[in-house]
Each structure stands twice: as structure tokens, then as C-alpha cells.
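Good morning, everyone, and thank you for making time for this.

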Amino acid sequence: MFVGAAIGIGIAGVDGQIIEVNQAFADMLGYSVGELRRTNVASLFHPDDAAGMWELYQALIEGKHDSARVEKRYYRKDGSIVWTDLAVSLIRHDDGRPRFTVAMIEDITERYELQQRLRFQALHDPLTGLPNRTLFFETLGQVLADAGPDHRIGVCFLDLDGFKAVNDSLGHDLGDRLLVVIARRLAECVAGHGHLVARMGGDEFVILVDGGEDIDDAVGVAEMALAAVSAPVHVGDQQLAVSASIGIVECPAGETSASELMKAADTTLYWAKAEGRGRWAVYDPERSARDIARSALVAGLPAALDRGEFVVHYQPIVSLLDSSMVAVEALVRWQHPELGLVGPDQFIGLAEETGLIVRLGEWVLGQACRDAEAWRRAFPEAKLVVSVNLAARQANDPAIVETVADALGRTGLPAALLQLELTESAVMGTAGEPLRALHQLADLGVRLAIDDFGTGYSNLAYLRRMPIHCLKLAGPFVEGIRPADGSADAGVSADVGVSADVGVSADVGVSAHLGVSADHRDERIVDALVRLAHALELWVTAEAVETEAQAERLRSLRCDTGQGRWFGPPVPAAEITARLRDDAEGAP
């Protein structure tokens, strides 16, 4: 059995000196049987295995174990390596003392190399040959596990700009060849510095910056990567201009985890894309916290509308001729159960992005009409107009005319007491053409106003052709107006209410220190716009009126109405009711 066995068998003394081997063992290692009989097993150990194997052998010959089985490397006589499956047993004397070790060895080199090929394929990207996301996370996890308290780690998350357009226009084959070129460039410029470069999938690559001193090291790696990517790429007969965006995260290894690090890198990559592409951005925890809060608001918007958490406040619009309140503007607020009263500047843009602005705007319109009808019934002589903003998406909604007509029909509010405010961009529609729906809205009898006039198209042609009733002058024009004698109200800081280009106006805090000398050009612009509007038989409302001096100057310029903190901030409907009651009773 010893001589004829197909696997190698060797017997050694407790000192490691080989006593006997069979021919299969000798053939496996490329020695003769006689040569091996003069050899100590320790001399056959691969250097990388020597310490572990000697420790294992010592445990056997000391009688601590009766057998052991490992996969290990041996050197052949020609210096090549053979991988083996080694099983070693201890043979004892009758009294139990260790006497011999018997090794049974099977050559598994082919199997091992196949395993290695399969492992390589499992851990490397088949297109570029770079480590894949599995190997990247495996390496990152090991680095974090082994890192000391002062060890720093960084990640540069890279994404090619406009790669989808390359695939769509030139084909996936050319896109794949482009990825191969980019991968080779990244490996050449970054891996030479000891950094791991991996392909995460698609056109995303990641660079692990292990052991840098501070954020500057990670930024330096990112800049090298951007420079490598940006050089012209020749693929076939095509020359492509390529750019990339990179999100950079760098911190002490003990303060993060693999998932936290990659989540932060992904977020920062998005920032770099949003800021113009072809650049890098560094992770900012405070900005991330704001983004998370913003996402929470986005997620909570639909349910908040279902639960009735939104309220409408109204800002007076006052006649500059006799100081009477002739209209109010409806402004939405979110009565958040945790954050309190949230201003529109924090959620209107989100509602626009998600499309919820149409539903929210419809609710605001209905609530404003209900409140306005209640005021009409209680104070018919006031003829108070309620002004409601329409977002661009609302104005372009095919059902907008039906929505407005339904709100008027359900509440009973006369159409003449409803004014719809649209920005110039909303009036012109998505194709730069005046909205057809405006004529249908005007046919209902509602008033139409252009909000923030002078900051958008300022296209005089549409004023002539469209059924517009009122222009609301943008707040920045009013800010520069000063008294007729050139003096100013020194030391006044105004929290100016400026309407946003959204479905319901947002009060944006703008500080205007009127003690500073102002340019007369603003006043001349207001004068010209008022004259223009009156020539077109349009009503004019000045927004952001913050001081008595501004109100007086606007009055002298024959502006019709004013709106702003000087005349009153946005307040709940009940306070408008109280003001109407005081006016009806002749209270000062």
C-alpha cells in the first residue's frame, strides 16, 4: 500500500528528518526517494507558511494533537510551487510517547489555481479587470478592522459625466471601450501611489485612500483622477471629451463604518454633479444634515396634506390712495407637528419638484375662496379680493380652468373677488408662448396678476395681448426707493416679504438697511413701470413696502396699492376678519 499508493506518503521522525517516502511523494516534489531521505521537512516549507507549519508540527510531536489537516505549499526541486492537501498523523510508542509522523499528501495545484481563477473572477470586474465592489468592500472592511486610533481613511467616489449619452449615441460597444480606457488611466495614475481603484458598476469608480494625513491627500488623489479622465480619449475613429465628478470623504477610521463612508461619498458625489460636473466636492456633515431634513420634509408632504397640517395666512394689500385694505394675498404655512410653523421657503420648492404643488395649490385655492366668501358675506361693502398664486406647473395643468371654476362654484365666491397671481415665466408657459388657459380664466371673471414683474421675461408684447389686470412690482425695485428730499429712515432693518416663483408665495427674509444711500435708478424704474401699466389700463401693486417713506414715495408715483410689512405681515384669517370689523366700525 505504501509503495503503490497514488498519493504521496512520507514518514518522519520527531526531529523532522524524513525517514521514508514513497515514489508518488518523490515525483510530486521532483526529488528522488534517496534525496528526500536526507531532507528535513522544514526545508520544504514555503517561507510564507514556515512559521505556521512549524508551530503545527511542534504541537504534533509534543503529543498535543494526534492529527492535523491543512492546505499548504511546498517547493519542488526546480523551485516551482506545488499546492497540496496535507494530512499528518502522529504515531506513538506503546507507552504513548510520540515516535513518528506520517504525512499523506495530495497534489491540488490544478484545483487551487482553478479556485484562484474563480475567486479573481468573483472579485474583479470582467470588463476592466479592476477590483469590483465586493473586493472593495472586503478590503475596506479589513482596513477599518485593523486601523489604529490615529489612522485616517478616505474615499473618492467617481462618476463619469454624460456617459449615458455616449452609450445612447455611439453604442454600448464603444461605451465599454471607453470604460476600459478610463479604468486603465485611473489604475496607472492612482494605484501607483498605493491606493485601491475599483469599479463599482456602470460608469462609477471608487478609490480607497488608506493612511493619508488629512483631507488634502484625498483631494490630491481626486485631482489626479480628474486630470487622467479629462484627457481626450480616442476610441476607434472617435475622439471623446470626457469629464467626471468626484465625491470625497476623509475621516479617522475609528469614527466611521464602511456603509457610513460610502453613503457619505455617494451624497457628496451628488453635490459635485449638482454644482456643475467636472469637479470634486468634499463631504460636509452640516450640509448632509440639511439634506436629510429636506428629504424628511419631502417624505412627509403627502401625509401632511392628508392630515390637514397646512394653514393659510393672509397679507393685506392696501390702497395707497386712502389706506384701505382692498385685497389680501394667500400664503401657505405648514403647521408641522414637530417643527412648528414652517415657512413656504422650506417646502414649496420640494412640492414643485415632487409634483405635489398641484394638489397643494388646489387646496390653498379652495381654502382662500372659502375664507373670502365668508368675508364677503360678513362685510359685503369691503369687496375684499383674495389673491392666490399659481405655480408654473399648476398654470400648465390642463385642468386648471376647471379647478378654478369648481372652487368658485363650491364656495359661492364671485369670480371678481378672486385674483390669480402668476410669475412671468408661468404666464409664458414651458414653450415660451403665452398660456391659452389665461383667456379661459379671464372669461370666468377672475382677475389675473403678474407677480414679481420686472424679474422675468419682461415681455411687453404679452401685456398687450393677454387678459392681465394687475402688475405686482418685484420687491427689489421698491427696496431702493427713498424719500423725495433724499433723506432716509436711518437704522431701519426690514424683513422684506418677497414672493417666490412657487404656487403659494414665500416670505423670504431680506434685510434692507435704508440708512445706506440708494441709487435713484430703482425709483425711475418704478416710475416707468407704473406709467407703462397705467397706459395699458393695468392696476399696479408694489411689493415689499417696509417703511412709511417708501409708501409715501410710491403714493407720489401714483402706484395704486402696496403690500409689505408696513401695511401688515401675513396673519391667520381670524385677524383679517378682526381688521375688517374694525374698518366697518370706523376704528382707527
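Let me begin with a definition: two strands pair if DSSP finds at least two bridges between them, and the strands themselves (E, at least two residues), like the helices (H or I, at least four residues), are DSSP runs numbered from the N terminus. This is a predicted model, in which local features need pLDDT of at least 70 and side-chain atom pairs count only at pLDDT 80 or more, while totals for chains, interfaces and linings use all residues. Residues are numbered from 1 along each chain as its sequence is written, and side-chain values use heavy atoms, with hydrogens and water left out.

With that in place, we can look at an open sheet of five strands, which follow the order β7-β8-β6-β11-β12 with mixed pairing. The edges are formed by β7 (196-201) and β12 (280-282), each of which pairs on one side only. From one strand to the next, the twist averages 20°, where angles run from 0 to 180 degrees between N-to-C directions, and axes are lines fitted to C-alpha atoms, for helices over the stretch in contact.

Within this sheet, β6 (residues 152-160) and β11 (residues 244-252) pair in the antiparallel sense over nine bridges, and valine 155 has valine 249 as its bridge partner in β11. Helix α5 (residues 133-146) packs on the sheet and touches β6, β7 and β8, its direction making about 135° with that of β7; contact here means heavy atoms within 4.5 Å. Helix α9 (residues 258-274) also packs on the sheet, touching β6, β7, β8, β11 and β12, and its direction makes about 140° with that of β11.

Strands β7 and β8 run antiparallel and are joined by five bridges, with valine 206 in β8 as the bridge partner of alanine 198. Their hairpin has two residues between the strands, and in it glycine 202 takes a positive phi near 60°.

Next, a pair of helices. Helix α6 (residues 163-170) and helix α7 (residues 172-190) pack at an angle of about 140°, with their axes 7 Å apart. They are therefore oblique to each other, because angles under 35 degrees count as roughly parallel, over 145 as roughly antiparallel, 65 to 115 as roughly perpendicular and the rest as oblique. The contact involves Phe163, Val166, Asn167 and Leu170 of α6, together with His172, Leu174, Gly175, Leu178 and Leu179 of α7.

Now to the aromatic rings: how do Phe310, Trp334 and Phe347 come to form a cluster? Ring pairs link them, and rings of Phe, Tyr and Trp (its six-membered ring) pair if their centres lie within 6.5 Å, planes under 30 degrees apart counting as stacked, over 60 as edge-to-face and the rest as tilted. The rings of phenylalanine 310 and phenylalanine 347 have centres 5.5 Å apart and planes at 55°, so that pair is tilted. For tryptophan 334 and phenylalanine 347, the centres are 5.9 Å apart and the planes at 90°, so this pair is edge-to-face. Phenylalanine 310 and phenylalanine 347 are buried, and tryptophan 334 is buried too, where buried means under 20% relative accessible area, exposed over 50% and partly exposed in between (1.4 Å probe, protein chains only).

Finally, phenylalanine 453 has its place in strand β18 (residues 447-453) and is buried, with a relative accessible area of 2%. Leaving aside residues up to four places away in sequence, phenylalanine 453 touches several others, including Glu424, Tyr462, Phe477 and Leu529.
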